[in-house]
Amino acid sequence: MQTKYLIIGNSAGGIGAAEAIRQVDKESALTIVSEEPYPAYSRPLISKYLAGERTFEEILFRPVNFYEQNNITLLPGKKVTHLELDAQTAWSEDGTQIAWDKLLLAVGGNPIFPKIKGSDKRGVFTFTNLDDAKAVDRFLGSARKAVVIGGGLIGISVTEALVKRGFDVVVVEMKHRILNTILDQRASLMAEEVLKQAGVEIVAGHTVVEINGRETAEGVTLDNGETMTCDLVLVAIGVSPRSELALDTKLEVNRGIVVDRHLATNHPDVYACGDVVEAYDFVYEDNRLIPIWPNAYIGGRIAGFNMAGIPTKYPGGTAMNSLNYFGIDIVSAGMPTAPNNDDYEVMSKQETSTYQKVILKDNFIAGMISVGNIEKSGIIFGLMRDKINVESFKQSLLADNFGLAFFPQALWRERLEAPPGLLLQSVPSIQTGEKTFVGE
Amino acid sequence: MKRVYVKEEACIGCGLCQVYCQLEHSQSKDLIKAFKKETPRPLPRVHVERNVEVSFPIQCRHCTEPWCVYSCLTGAMHKESISDEVVVDMEKCIGCWTCIVACPCGALSRDLDSKTVIKCDLCPGREIPACVINCPNEALVLSADEKRE
């Protein structure tokens, strides 16, 4: 078959690109091929599915008629195994050949599965897609105790789902505290506290070296020799870019597929976005892996515009997470902890159940954490994203009544004006030069 | 696209827009009941910011390129194709608050009872939103930009 646009991957990045393409090109053939047999669903919601709070229909990312309405051909349950870039062709496992003009690799990440003795036993799962959640759900039966390896976002989300299902859960985290890549010490401890109150046991500073049992997991052995029993093991260490497809091509791959500020790879007709790429991080001012949903969608959107012939520059993304497990609301963005040098200024404020922190570098916000009261976090994150010098009002950033009214007048006026639609404005003047996506 | 603008020189920060927004989004539509008796308590979708003599209300800007929509994990936050309004589907929203972090205006807030985000909906069923009609200084105006196409 032949298509103008081929998108491999049917999650946030793929949908973001498809929606952008359809905004400017309603006619040309647009095909999404997905290894999974489902219409797009929200990956972060698989924990709600496992917890029994949401059905599959309730975690769909778009309405059921989305593909039809947008004139998109969805090829579900098809795994692309090979790319021939010079011939602009992709092949799937079942022998389907797809010729494309513009290609987007939005293939996501693979769960990281460390070498642990006994990890091939029944009752050992990863937790990144719906089939994982279904497999865990089917296995639960009379199981009562779980060990979750990894105290990051995925680990804590599956922990919450299992607690809601009545499980006893032990979280084993290799580093000294949970959520250590996105929170600082204090926020981690606050999160740990609520987990413990919910009955979760946290074993930090240790790893699982062996999964015990005959054919089915019956327990684990830690690196200090200690053993504990369990009925199932969840491996939630994180994800690594699924860059396999790019490996036998000339596409540049570092830790992830390397893309420029247009989400273009080193091949002029091939783009990539989401968990599979190293894209620009505006805090670190470098390309990094940032496997989070919003960045995948926004990256997809940028890629889609560029694929459809509207030059659009990615303002960059950064780590940005909103957590609300076990009834505590936590937001973090950018750097969770300031590097240990004089270039950084840290301001923080803690009360009984709330905590706010802002990290500044040369009066620009480089990181933020809010626990409890998170409603102003968007204003702070907006300042970070738009690279606004906050020197004149930084003393009020953590004030209880902080808001746009503390900005310099020109800045709050700009915020209250609705941001112009840069893309839509740019359409008549494509030839005149490049437009930047909102936010830059 | 319709949205509410403020003439900040006329805003004295009285907060009546917030009061009438809360009333509009109540079950009873009765001031005393809405503020003192109703459960769950109705919540305003506009809030007034004040800093010494500067004050203005903030409600959703219904951005043309809405970060909240692009950041939504569930697909609940979306842009209506005809009205161009940014709308949240309460059935889909799980209250993850990612949109709150994404919004540079701080125009979204949490409904902790229903665990869904709440925002300005431009008062469905009313031609002019309650905040605009009830501003004693006529500091708020509803303006319909020409749709940019």
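## Strand β15 of chain A

In this predicted model, strand β15 of chain A (residues 232–235) is covered on both faces. Leu232(A) and Leu234(A) are buried on one side. Val233(A) and Val235(A) are buried on the other. In a regular strand, side chains alternate between the two faces of the sheet.

β15(A) has a parallel partner in strand β8 of chain A (residues 124–126), with 3 bridges between them. Within this pairing, Thr126(A) bridges to Val235(A). Strand β9 of chain A (residues 145–149) also pairs with β15(A) in the parallel sense, over 4 bridges. Here Ala146(A) has Leu232(A) as its bridge partner. Ile149(A) is bridged to Val235(A).

## The parallel sheet

These strands belong to an open sheet of 5 strands in chain A. The order is β8-β15-β9-β10-β11, and the pairing is parallel. β8 and β11 (201–204) of chain A are the edge strands, each pairing on one side only. From one strand to the next, the twist averages 20°.

Helix α5 of chain A lies across β9, β10 (168–173) and β15 of that chain. Its direction makes an angle of about 170° with β10(A).

Gly152(A) sits in the loop between β9 and α5 (153–164) of chain A.

Leaving aside residues up to four places away in sequence, Gly152(A) touches Leu179(A), Thr181(A), Ala236(A) and Gly238(A). Arg177(A) is 25 residues from Gly152(A) in sequence. In space, their C-alpha atoms are 9.6 Å apart.

## Domains of chain A

The domain assignment divides chain A into domain 1 (2–110 + 240–313), domain 2 (113–237) and domain 3 (329–416). Taken over C-alpha atoms, the centres of domain 1 of chain A and domain 3 of chain A are separated by 32 Å.

## Contact with chain B

How many residues of chain A are in contact with chain B? The count is 40 residues of chain A, against 35 residues of chain B. On the chain A side, the elements giving two or more residues are α8 (293–307), β22 (320–323), β23 (330–334), α9 (377–385), α10 (409–416) and α11 (422–426). By class, this side of chain A has 24 nonpolar, 9 polar and 7 charged residues.

Key:
Residues are numbered from 1 along each chain as its sequence is written. Chains are lettered from A and ligands numbered from 1 in the order in which they are written. This is a predicted model: local features need pLDDT of at least 70, side-chain atom pairs count only at pLDDT 80 or more; totals for chains, interfaces and linings use all residues. Domain bounds come from an automatic or database domain assignment. A residue is buried if 20 or more other C-beta atoms lie within 10 Å of its own, exposed if 12 or fewer, and partly exposed in between; C-beta atoms are placed from the backbone. Two strands pair if DSSP finds at least two bridges between them. Two residues are in contact if their C-beta atoms, placed from the backbone, lie within 7 Å. Ala, Val, Leu, Ile, Met, Phe, Trp, Tyr, Cys and Pro count as nonpolar, Asp, Glu, Lys and Arg as charged, and the others, Gly among them, as polar. Axes are lines fitted to C-alpha atoms, for helices over the stretch in contact, and angles run from 0 to 180 degrees between N-to-C directions.
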